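Subject: Structure handover

Hello,

The structure is below, with its sequence. My notes on what was found follow it.

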Amino acid sequence: MYAAIAAARAGAKVLLVDRSLIGRGGATVMAQMTVAVAVGEEEPDHWEHHLADTLQAGRGLCDRALSQLLCEDGPECIREMDAWGIGWARRDGHLSQVHAPGHDRKRCVYVDFLNTGPAVSKTLRARVQRMPEIRRVGDLLVTDIALRDGVCVGAHAVHVSTGRAVPIAAKATVIATGGLTRLYARNSASINMGGDGYALALRAGAELIDMEFVQFFPIGHLAPRLVGMDPIMWDPFRYKLGGRLLNSSLKEFLPEEGRYTSARDLATYAILKEVEAGRGSPHGGAWLSFQHCGEAELRSAFGPVIDRLAANGIDLTRQNIEVAPIAHYHMGGIRADTDMRTSVPHLFAAGEAVGGANGANRLSGNAITEAVTFGRRAGARAAALAAKTAMPAVSATSGNGKRPDLNPAAAIVELQQVMNRDAGPLRTAAGLRRAIAHIESLQVELPAPREGLDAEWVDLHDLRNMRLVAECVTRAALARTESRGAHQRDDFPDSDAGWQRRQAIRLEGNTCKLS
Amino acid sequence: MQAKLKVWRGDPGAAGRYERYEVPFEQGQTVLDGLRWIRVHRDPSLAIRFSCINANACKECMIQVDGKTVYACTTRLVDGEMTLEPLRNKALIKDLVTEIAPPDERA
């Protein structure tokens, strides 16, 4: 949405397409936490300090130019959204900033209570709605990028409610479809986070990078059953109140002493190692305890959220809850330069769909900063290119593959289980080979949809993309014979200086080629 | 425990019908969990609309349960019969899916 706003502002006519409702799905709306940005309102700060922390967290693999764009443009985007009425939390007349793990100071702005992502989505949605240059169309699923002589000329889409093929001609196209966390059984994703943008870009001839780096959020909610809340909601509780992470003997196993200081990759690794050693919680995670906090302290930090927990039968003053690592974000993605150009002419990418800014491990709070800064840059550059491009023509085509004899909804669940078990936060060559064998056994062609809403066809579409993206993740993970950041190999537990380089993937025929 | 879900199925302009599914569940699971179970274990052609799964962030999964408009993702399954229908005041797309997009965001 930020890309659409920036492009419209630069004079372009924009078509904003979403496979579901505009601005309701995706990852941003799910982000309850914070946005890292060096606005320096809580204490003096500069984007160079933010950059240093980002590069440090990235374990030597950040694309420095992209990281710099994120850190340098962040403050301007945050102030722009402030002017648009987002309602960043304030204290004593300035923006309130908290200290999140991995940052050297209080840098993260937020919207109370646990409302950061929904507020960002709502603010951008309202902005987009007010710009007549932006035509918004929901329930439109892009199945492939339209190409002529290797140049992107728009997209092929299907109107989900009717099954109608919709050709889209465009002078410039921006992919802003988010990440791939739906590949995993345990994830914090919306349904549309199956890696659509990666698959579109790859099939169009673009290069993907760093595909093995999937960030697992260490303390995703595990038990008891919680509904109406984001599974990663415990993080802001920990920012504000600490909270103790305990094993089955109710002992802290990270050197935290009740404070929240461990980076995500280290915490994920520590929890899984406790589980592996037979010291996990009953459902296979760790205990998280706030029992040292009084009711008044909990209520002042979390207001109405305490009532939502009570509705789920959870009283933090009397009980611990169970948490476990959960797929949360993808550091890898489409290779893009600082103009957000992919390797396919006239095709741009923005947000989590772009790889490189966060290296092997993303710093807490950088995801929304990345979404808005990259979106703004991509929109402006795409508009500039469009201004000197003639409108191409795109003809309607729809899939003509054979409808496979399987339940695609069940095949997706099976793939998610395989990925979680064999290509999750702890990896081995044997497990990754098992996952690759499963992926290779899944050959999915995309048929034409039946008339009306063909729910099975939508699943087939998703399975086809998820399968391709899963292949990228597993092949890249198998090739990287070291451990670094979010990529942890049990059979290669140490980092190897020779591997301080990124892997790229291209599609050659039907094969993913690593380089 | 087992929920007996009576689910309205049909296309716009056609008569429609109710189909019954027996869905095993654990305490705390939701109507959306039940519908997703049906698609995986019984019938993937069942059309439902949701995005965020159970955070109640996307607000896309509104349906009628026993005549009341609710979010499927926050309504708990019960050990007994529940009748699931599409929203009555919105145009039907298929099964439990209705046209809930703002008019100027439709194709």
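The contact between the chains takes 35 residues from chain A and 30 residues from chain B, where two residues are in contact if their C-beta atoms, placed from the backbone, lie within 7 Å. This is a predicted model, in which local features need pLDDT of at least 70, side-chain atom pairs count only at pLDDT 80 or more, and totals for chains, interfaces and linings use all residues. Residues are numbered from 1 along each chain as its sequence is written, while chains are lettered from A and ligands numbered from 1 in the order in which they are written.

On the side of chain A that touches chain B, β6 (134-137), α11 (408-422) and α13 (455-479) of chain A each supply at least two residues. The most comes from α11(A), with 4 residues. Helices (H or I, at least four residues) and strands (E, at least two) are DSSP runs, numbered from the N terminus. By class, this side of chain A has 18 nonpolar, 10 polar and 7 charged residues. Ala, Val, Leu, Ile, Met, Phe, Trp, Tyr, Cys and Pro count as nonpolar, Asp, Glu, Lys and Arg as charged, and the others, Gly among them, as polar.

As for confidence, the model scores ipTM 0.96 and pTM 0.94. Chain B has a mean pLDDT of 95, with 100% of its residues at 70 or more; pLDDT is the predictor's confidence in each residue, from 0 to 100.

Chain A contains 13 helices and 19 strands. Its C-alpha trace spans about 65 × 55 × 50 Å along the principal axes. The radius of gyration of chain A is 22 Å, which agrees with the value near 24 Å that a compact globule of 515 residues would have. That radius is taken over C-alpha atoms, and the globule rule is 2.2 Å times the number of residues to the power 0.38. Of the 515 residues in chain A, 60% are buried, meaning that 20 or more other C-beta atoms, placed from the backbone, lie within 10 Å of the residue's own.

Chain A is divided into domain 1 (219-327) and domain 2 (400-514), with bounds from an automatic or database domain assignment. The C-alpha centres of these two domains of chain A lie 30 Å apart. Their contact takes 5 residues from domain 1 of chain A and 5 residues from domain 2 of chain A. On the domain 1 side, the largest share, 4 residues, comes from helix α7 (residues 264-276) of chain A.

Regards

Note on methods:
A residue is buried if 20 or more other C-beta atoms lie within 10 Å of its own, exposed if 12 or fewer, and partly exposed in between; C-beta atoms are placed from the backbone.
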